[in-house]
Amino acid sequence: MDDRATLGQSSLRVPRLGVGAMTWGEAHGMARFHPAKMAYGGAHGYDEEKRAMEVSLEAGVDLFDTAAMYSGGASERRVGEPAAGRDILIATKFPSGFRFRAEDLPEELEASLGRLGRPSIDLYQHHFPARRVSIPSLMEHMADAVEAGRVTAVGVSNYSAEQMRRAHSALAERGIPLAANQVEYSLLHRQPETNGVLDACRELGVSLIAYTPLAGGLLTGKYSATNRPGGFFRRVLPRYGRKGLEALQPVVALLEEIGHRYSKTPSQVALRWLIQNPVVLPIPGAKNGKQAAENASALTFTWTPDEVDALSRATIAWRE
């Protein structure tokens with residue numbers, strides 16, 4: 001399988017794996033209580049995040065995903081700093097807060113460009129749908145940004161299949177493709193297979209960007225009933241409790257078994273399960289160079305359809 005692909009039907013050629021920069025940057029004020037910070041803890045600092053970028057680039061992973069809302073804008077600034085003057089693909093999302101109208105998009109776009117220090121954004125995504133925001137109106141503003149050369153490709157995030165179709169239709173009237181829908185997808189969160197999103201991506205020629213592809217660390221093999229993860233949210237959610245972690249052990253054991261055949265870790269096998277689907281592009285987070293190298297190694301092997309099927313069957317309970 002080629003390690004690069006076209007993002008949807010856009011002009012962007014992207015790696016089959018990206019880097020999630022949700023925790024990058026030093027958060028201040030209320031941004032310290034963003035769910036990402038509460039779940040995974042704070043940043044590892046500029047040097048480690050720069051190292052994560054360098055290691056990723058060495059492995060051919062040159063797509064970095066951030067958002068105006070992450071760390072109160074600090075994530076965009078942190079991604080932009082080491083990316084300055086380099087041929088790097090940056091995906092970001094808007095809005096920066098919850099009070100947003102479609103007509104606010106130009107202002108949001110300029111603010112993100114300023115924080116990133118770039119004249120244009122490779123993939124600009126609406127972070128989450130809202131009843132008060134008209135999708136057709138929003139896509140008109142997105143199309144304007146593309147025609148102005150400020151955005152290369154248009155994406156959405158957390159959109160349902162029906163919302164995707166509305167965005168796709170509105171953009172098509174301007175001759176612009178909907179490139180991607182970023183949703184949660186992993187072996188332990190397989191709802192895109194049952195809620196119509198994955199089918200709609202295939203039908204419309206849209207890439208599915210999978211966030212939280214390692215299920216918040218559950219697929220790394222690091223955690224067990226006697227070694228629970230840190231972070232406030234990961235301490236209180238049932239799936240991180242003793243019973244949840246015990247139920248997960250057969251899946252981890254299968255990841256380890258498959259990984260042993262290829263000298264790969266459970267997390268690399270879990271990422272490869274997504275990569276093997278030509279519609280899907282996972283974006284695991286990487287706080288430091290070690291994590292970036294671990295993630296990128298998922299691109300260095302392939303496996304059999306029988307092994308893919310075995311993992312799919314072992315996690316069938318997580319489809320609903």
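Predicted model: local features only at pLDDT ≥ 70, side-chain atom pairs only at ≥ 80, totals over all residues.
Some ground rules. Numbering starts from 1 along each chain as its sequence is written, and side-chain values use heavy atoms, without hydrogens and water. Local features need pLDDT of at least 70, side-chain atom pairs count only at pLDDT 80 or more, and totals for chains, interfaces and linings use all residues.

The overview, then. The protein has twelve helices and ten strands. These are DSSP runs numbered from the N terminus: helices are H or I, at least four residues, and strands are E, at least two. Of the 320 residues, 55% are buried. Buried means under 20% relative accessible area, with a 1.4 Å probe and protein chains only.

Now the inside. A nonpolar core is a set of buried Ala, Val, Leu, Ile, Met, Phe, Trp, Tyr and Cys residues joined through side-chain atoms within 4.5 Å. The largest one holds 81 residues. Leu138, Met139, Leu208, Leu219 and Leu311 have the most contacts inside it. Helix α9, residues 242–262, gives the most to this core: seven residues. Another core lies apart from it, with 13 residues, including Leu7 and Ile283.

Next, the helix pair. How do α9 and α10 pack? Their angle is about 90°, and their axes are 8 Å apart. Axes are lines fitted to C-alpha atoms over the stretch in contact, and angles run from 0 to 180 degrees between N-to-C directions. So α9 is roughly perpendicular to α10, a label for 65 to 115 degrees. Leu255, Glu256, Ile258 and Gly259 in α9 meet Pro266, Val269 and Ala270 in α10. Contact here means heavy atoms within 4.5 Å.

Notes
Buried < 20%, exposed > 50% of the residue type's maximum accessible area, 1.4 Å probe, protein only. Parallel < 35°, antiparallel > 145°, perpendicular 65-115°, else oblique.
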